[in-house]
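Hello,

Here is the structure you are taking over. My notes on it follow below.

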Amino acid sequence: MNTLTDTQGLQSVASDAPIEEILHIVARDGGVILKGFLTKDQIDRFNADVDPAMQALAPGSTHELEIIQMFHGANTKRLTNLVTHSPTFREEIIDHDLVHALCDAVFLEESGTYWMTTAQVIEIGPGNDAQMLHRDLENWYPFVGLGKNGPEVTVNFLIAFTDFTEENGATRVIPGSNHWDDYEDRGTPEQTVPAVMEAGDALFFSGKTAHGGGANRTSDFYRRAVSFAVNPGFLTGEEAYPFLVDREVAKTLSPRVQRLIGFRSQYPTGSPGLWQVDYAELGDYLGLDG
Ligand SMILES: O=C(O)CCC(=O)C(=O)O
Ligand SMILES: [Fe+2]
């Protein structure tokens, strides 16, 4: 059985707490709430930046696979490409000193550099069921087997853009699940605690920590988060093909060659999909099928 207590809540610290203290809590519990990570003004401006795109987006998933649809959420909207949608995001949020200080501390020694693997609005609407529990490192399946002794392959800043309550779908986390011996064990809902936050707070957590979006039991509240996650630089292709090959040339290639050079999404074992757009196939976004 798992040693660390499953009933403890998540610890909160001020966003100007020492880096060592923040990392100490994450190493122990798997995650920590950073109070006041963004200001009210930043929250308001970001929300205004993305509102038109959010309104244009339909909830739910276009994937054929039921497991990916469930991961996405039937009444959940996921908006990616936030660098394009939001000046506040590209100029302030991903240039936040605390983000870089924490990522330097996590990744510099093993990887040298790091980069963003996703930044997506996740807006869980009324009636949406709880998401399946998972660890974000499951996107890179071999690291499931390496477990607690493997390297850190992703960390996530899950930022609250509305208040998060237990009722409206606050992220559920299993504190200490980063220390479990078997990462095929994702735990049970009873072992989770809600990451209750005010808008502007962020849950900073390890890819080794079991968690999932909470059920939204309200009738009218849309819980909005941004999940902003980082990978070590070693999880990168050697050549930046999508920047090198003209899209018109790419359209003339076979689908499997398009996938080989990064013009289509990837579906590695155990992952709900990588290299996507709004959680949908990149090839569709690029109009590769005409
Ligand atoms: O929306 C949430 O609270 C968590 C979502 C999540 O963990 C994910 O999609 O990987
Ligand atoms: Fe996740």
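Ligand 1 is surrounded by Ile122, Ile124, Gln131, Asp136, Thr171, His211, Gly212, Gly213, Ala225 and Ser227; a residue is near a molecule if its C-beta atom, placed from the backbone, lies within 6 Å of it. The elements that supply two or more residues to this shell are strand 4 (114-124), strand 9 (211-212) and strand 10 (223-232). Sorted by class, the shell has 3 nonpolar, 6 polar and 1 charged residues. Here Ala, Val, Leu, Ile, Met, Phe, Trp, Tyr, Cys and Pro count as nonpolar, Asp, Glu, Lys and Arg as charged, and the others, Gly among them, as polar.

This is a predicted model: local features need pLDDT of at least 70, side-chain atom pairs count only at pLDDT 80 or more, and totals for chains, interfaces and linings use all residues. Residues are numbered from 1 along each chain as its sequence is written, while chains are lettered from A and ligands numbered from 1 in the order in which they are written. Helices (H or I, at least four residues) and strands (E, at least two) are DSSP runs, numbered from the N terminus.

An open sheet is formed by 7 strands in the order 1-2-8-5-10-4-3, with mixed pairing; two strands pair if DSSP finds at least two bridges between them. Strand 1 (12-14) and strand 3 are at the edges with a single partner strand each, so one side of each has no neighbour in the sheet. From one strand to the next, the twist averages 25°. Strand 2 (residues 31-35) and strand 8 (residues 202-206) run antiparallel and are joined by 4 bridges. Leu34 has Ala202 in strand 8 as its bridge partner.

Helix 2 (residues 40-56) packs on the sheet, where it touches strand 3 and strand 4, and its direction makes about 120° with that of strand 3. Axes are lines fitted to C-alpha atoms, for helices over the stretch in contact, and angles run from 0 to 180 degrees between N-to-C directions. Contact between two residues requires C-beta atoms, placed from the backbone, within 7 Å.

Finally, the domains. The protein chain is divided into domain 1 (12-236) and domain 2 (238-290), with bounds from an automatic or database domain assignment. Their centres, taken over C-alpha atoms, are 25 Å apart. The contact takes 14 residues from domain 1 and 11 residues from domain 2. On the side of domain 1 that touches domain 2, helix 3 (66-72) and strand 3 (76-79) each supply at least two residues. The largest share of that side, 3 residues, comes from helix 3.

Regards
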